[in-house]
Amino acid sequence: MTATPSPHVSGLDYRASASARRSGSLVFIVALSILSGCASRAFVATPVDQAGFLERAVVQTQQTVRVAAAVPDAKETLALTGLDLYQQGIQPVWLEVTNLGEQPVRTAVRSVDENYFSPMEVAWKYRKRLSEKGRADMERWFFENQLPRRVPAGETRSGFVFTHLAQGTKGFNFDVYSSESSHNFTFFVPIPGFFADYMDVDFQSMYEDGDIVRVDTAGLREALKAVPCCSLNASGDSLGDPLNVVIVGTALAVRRSLLRAQWQETALNAPETTVARTHRFLGRPPDGTFLKSRPDGSERKELRLWLAPLLVNDSRVLIGQVSYEMAGASGVKAYENHRMDPDVDNARDFLMQNFWYSQSLGALASVGGVPRSSISAPLRNFAGAEYFTDGQRVVLFVSENPVAMDQTDILPWRAVLTD
Amino acid sequence: MIRTIPNPLARLPRLFPPVRRMLLVGAFLSLALPVSAQQDGGLDRGRIPPPNERVQETLIRDVRVTTAVPSAAETQAIFGANLYASNIQPVWIQVENLSEENLFFLPVGLDPAYFTPIETGYRRENRILNLNSSANRNIYDSSMRLRVEAGDIRSGYVFSRVDEGTKSFNVDVFGDDGRHYLMTFFVPVPGLRIDHYNVDWANLYSEDEIREVDRDGLVDALQSLACCTTDKSGEDHGDPLNIAVVGDLKDVYYAFMRAGWDETETIYRTSLLKTLGSALTGNEYRYSPVSALYVFGRAQDVALQKARADIHQRNHLRLWMAPIRYQGLPVWIGQISRDIGVRFTWRTITTHKIDPDVDETREYLVEDLAYAQSLAGLGYVTGVGAAPYDQPRGNLTGDPYFTDGLRVVLFLSDEPVNISEIQVFDLGSRPD
């Protein structure tokens, strides 16, 4: 072992400073001898332009920007790089941006996944598995195949964003921006083997045309008065949780908002939604149930949505309930031990802020419709869970385009969210 | 949609011509103010007295916000339990609405993963829900609510995740017609040494050292600053200085905290041990310290970090105030690095493997501030010096990096800016 800087230290050649040589190189050698092990594999990548998954690319165009998106599954990712990225929780998303305009545009990689993995970070995870040359080749491959941040006028650029593995449909937003303008894309790329709950719902034929009530904003306020307080149990004879959320927006705006705010879809008949599915509104279980977990625990928010036979101008109306599910005593099936925070207004207020901060909220309002109750005299749902509420439902008008926080309208329907 | 979004540009503060700055009083002053208002109301809901005299007050136009953070012991006294041990730190907030409009206080701005009051009680009782126990009612009844009516004063606790040492947080108050009051507080809780308390901001430079520059002058000044940080001797070059920030101190803290960055400390022994512990276990220690790097002959003025999933995945950022003013605002030069792993060194026991693609990290920061709605504009200047992929340079700890040689200039906004409003300036350079 020697203290001379070694080219083996990294796949990247480098020239360390004098002090680093003094203090660091011996450590590098020690670390290297621990880390390198018997790795001797070469890095073999399939050329991206020959990859089969590109045939599934979905293309969207907005004004002067065209974006193609494709997501390789686990096997295709392995074939592409020889690395089991899915097992490390990494899912590559391939994007191609064509700039048909006259100004350069910038790609916002962070819009796809706010905690995306940088290309060299992915390479670092696999450093021990490859030979020295293999490691250098791998690093270069990840560097060269990342999505460029800039697309000059009239040109096309493509590459990967390395996202966290999503169970289920790969839904993601992608923003392309230039000076004082942006193009906001939302993609849903099905991943084989996953079927979200809302995919099982036939929204198109759910209501006859004659059943749908068309209203303007003022009419919505009236129409919402007819919405019952709560969901029901399966036999329809006992009240469930309060219906404390109304979301108004186009289908695209709703999906974008949920993605921006980092809500996760759930699989059809997932064990996590067993309780949600016991709640009925309009005679059926939720059309979609979405979860949002705490970053530092197993607690989660749960949002159950039903499509109502209402149209506000061209926007759909979803009626639902949001609650905060506290983690129960630890167990193998932790989801079975969740229990609802009885302060359901807190979850409702969180949802409002969640959409507001994620630039999705065009306007917000509040209407009554749920019986008032208090912490001293809470109500119980059909399963015996306690809750109390000020009786207000929040009405969230979600926007397809990003809305800065100070541009959200607060509609003077009545005192919003009194306590 | 039910509304047409008004032309957002009408309300956007323009950088060229000058930005008007919002008045913010006392964000960095600790004022022990008499809080007579809430004493009138006794202990009824919505009027909760502060936990101690370490209160801090900020007034923006017609909204006064006062905050205080109880220590672990004070929390024990108030709530009868060591909430800190459950990772819960109560923050006392009082919003005095002197305006004629109803306002919202938004706790997500303080901590996007705040705990609900009931959850706080539930954790306190070891996950037994007893809604009307006196302990639970004490927590619930003293919690801060969102709504503050015109002319009213509301106070109560937000149950946030624990920050050691100084509790730094934003307070956001919004009303109709886009009115908003955005504030940053630093409330000392004994234990952590924060760099910016050691910086004598007022006397960092004498008046004649500071140059006020126009746009061309800004580009020239930034391009002629040093390429890189150095060690204390000033001899060895370290990380590239690839970010410049234009904004008041308060805007810098607000913007980075909105984007999820935490203030950090410079290495000393205790935290070194904590860092080693979390490096070995992978547990999150949000305040693991950073080493000192030097520019202008001094260590960083501001050190921030953003934890991702664990200590192996965090970003570090250091800023130095430059003797340059642009449109009356301080100009900062800085360095950002992304940790992608841990490796071992003799000098500091552990150090982080940084992402050699420093341009990627730089662009991440642009987007991070953009989605925090804090970025009014950006542009690029030279000054770092290019280091191609095949001829990387090394920093002080021997990490290689390569770069296109540009530094990004980030113009912060004190108003929310959505991504469609960000201006991209041609400052003479741009990345490929």
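**Stop 1: a sheet in chain B**

Start with the open sheet of four strands in chain B, ordered β5-β4-β7-β8 with antiparallel pairing. Strands pair here if DSSP finds at least two bridges between them; strands (E, at least two residues) and helices (H or I, at least four) are DSSP runs numbered from the N terminus. Color β5 (147–148) and β8 (180–187) of chain B: these are the edge strands, each pairing on one side only.

Before moving on, a word on what you're looking at. This is a predicted model, where local features need pLDDT of at least 70 and side-chain atom pairs count only at pLDDT 80 or more, while totals for chains, interfaces and linings use all residues. Residues are numbered from 1 along each chain as its sequence is written, with chains lettered from A and ligands numbered from 1 in the order in which they are written.

Now select β7 (residues 167–175) of chain B, which is joined to the antiparallel β8(B) by eight bridges. Strands of a sheet pair through backbone hydrogen bonds, either parallel or antiparallel. Which residue of β8(B) stands opposite B:Lys167? Look for B:Val187.

**Stop 2: B:Glu367**

Next, jump to helix α9 (residues 358–371) of chain B and pick out B:Glu367. Buried or exposed, would you say, for B:Glu367? It's buried, because 23 other C-beta atoms lie within 10 Å; the cut-off is 20 or more for buried, 12 or fewer for exposed, and partly exposed in between, with C-beta atoms placed from the backbone.

Show chain A too: leaving aside neighbours within four places in sequence, B:Glu367 is in contact with A:Ala108, A:Val109 and A:Arg110. Contact means C-beta atoms, placed from the backbone, within 7 Å. Then draw a distance from B:Glu367 to B:Ile419: they are 52 residues apart along the chain, and their C-alpha atoms are separated by 9.1 Å.

**Stop 3: two positive phi values**

Most residues other than glycine have a negative phi. Select B:Phe296, in the loop between β14 (294–295) and β15 (298–299) of chain B, and you'll find a positive phi near 55°. B:Phe296 counts as partly exposed because it has 16 C-beta neighbours inside 10 Å.

Then go to B:Gln327, in the loop between β17 (314–326) and β18 (329–345) of chain B. Phi of B:Gln327 is positive too, near 50°, and 18 other C-beta atoms within 10 Å make this residue partly exposed.

**Last stop: chain A**

Finish by coloring chain A by secondary structure: seven helices and 22 strands. Buried residues make up 45% of its 419 residues.

Conventions
Contact = placed C-beta atoms within 7 Å.
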